[in-house]
Amino acid sequence: MESAGMVCQELVLDTPPSKFSASSASCSEFTYLAIYTDDVHLEAQLDFWRPVGQRAVNVGKNWTVVSEDPKLIQKNLGGSVLHTGS
């Protein structure tokens, strides 16, 4: 994420990780990262987030990044941007 240009002052690992991820952490109130072991767990996380209001989530092959600048993440790390909520 830092190689994509996002500053993370202090990475705080979730112990235990979030419900669906193998590893998850946050950098701030608005920046959250997670890695998933397989497509089933990634899709379960996305299904959980879809009804949540107005959030942009960068989604890669086995990762997600929630941030205030999803276009920056996408430009540098790839993946796609999922907009949740209605």
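## The chain as a whole

Of the 86 residues in the chain, 37% are buried (under 20% relative accessible area, with exposed over 50% and partly exposed in between, using a 1.4 Å probe and protein chains only). This is a predicted model, in which local features need pLDDT of at least 70, side-chain atom pairs count only at pLDDT 80 or more, and totals for chains, interfaces and linings use all residues. Residues are numbered from 1 along each chain as its sequence is written, and side-chain values use heavy atoms, leaving out hydrogens and water.

The C-alpha trace spans about 30 × 30 × 20 Å along its principal axes. A compact globule of 86 residues would have a radius of gyration near 12 Å, and the chain agrees with its 12 Å (taken over C-alpha atoms; the globule rule is 2.2 Å times the number of residues to the power 0.38). The accessible surface comes to about 5,400 Å², and carbon and sulfur atoms account for 54% of that surface (Shrake-Rupley method, 1.4 Å probe).

## Order of the elements

The chain has two helices and six strands. These are DSSP runs numbered from the N terminus: helices are H or I with at least four residues, and strands are E with at least two. Along the sequence they follow the pattern β-β-β-α-β-β-α-β.

The six strands form an open antiparallel sheet in the order 1-2-3-5-4-6, where two strands pair if DSSP finds at least two bridges between them. Strand 1 (12-13) and strand 6 (80-83) are at the edges with a single partner strand each, so one side of each has no neighbour in the sheet.

Strand 2 (residues 23-28) is joined to strand 3 by five bridges, and a hairpin links the two through two residues. In this pair, serine 26 stands opposite tyrosine 32 of strand 3. Strand 3 also pairs with strand 5, over four bridges, with leucine 33 opposite valine 65 in strand 5. Three bridges connect strand 4 (residues 56-59) and strand 5 (residues 63-66), and valine 59 faces threonine 64 in strand 5.

## The helices

Helix 1 (residues 39-49) packs on the sheet, touching strand 3 (31-35), strand 4, strand 5 and strand 6; contact means heavy atoms within 4.5 Å. The direction of helix 1 makes about 30° with that of strand 5. Axes are lines fitted to C-alpha atoms, for helices over the stretch in contact, and angles between N-to-C directions run from 0 to 180 degrees.

Helix 2 (residues 70-77) lies across strand 4, strand 5 and strand 6, at about 10° to strand 4.
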